[in-house]
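The following exercises are to be worked with the sequence and the three-dimensional structure at hand. Each task is followed by a solution in steps.

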Amino acid sequence: MEIGIDSVEIERIKRIYLKEGNKFLDRIYSNKEKEELLLLEKSNSSRLYTKLAGKYAVKEAVYKAVRKY
């Protein structure tokens, strides 16, 4: 297995989310993750986009790692 770093631009994820909304959430996140993210959105949390990007980066890294093997 290789070691690497995955980073995601928070502003990019924010733009995608603002454009696509729930379609983006449905495509990427589990139901439990969506519940957590929607709670952050309802509370107007400043962490929403950071959380979206962080979870996205983890999923992308795992996908890349699994795809290689």
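Contact here means heavy atoms within 4.5 Å. Helices (H or I, at least four residues) and strands (E, at least two) are DSSP runs, numbered from the N terminus. The model is predicted: local features need pLDDT of at least 70, side-chain atom pairs count only at pLDDT 80 or more, and totals for chains, interfaces and linings use all residues. Residues are numbered from 1 along each chain as its sequence is written, and side-chain values use heavy atoms, with hydrogens and water left out.

**Exercise 1. Determine which residues of α3 are buried and what covers them.**

Step 1. Locate the helix: α3 spans residues 31–42 and has twelve residues. From first to last C-alpha, α3 reaches 16 Å, close to the expected 16 Å; the expected span is 1.5 Å times one less than the number of residues.

Step 2. Apply the burial classes: buried is under 20% relative accessible area, exposed over 50%, and partly exposed in between (1.4 Å probe, protein chains only). The buried residues of α3 are Glu33, Lys34, Leu37 and Leu40.

Step 3. Look down the axis of α3: its buried residues fall within an arc of 120°, so they line one face of the helix. The arc is that of the directions from the helix axis to the C-beta atoms.

Step 4. Turn to the face away from the buried side, where Asn31, Lys32, Glu35, Leu39 and Lys42 are exposed.

Step 5. Identify the cover: α2 (22–28) and α4 (48–68) are among what covers the buried residues of α3.

**Exercise 2. Is Val58 buried or exposed?**

Step 1. Val58 belongs to helix α4.

Step 2. Its relative accessibility is 53%, so Val58 counts as exposed.
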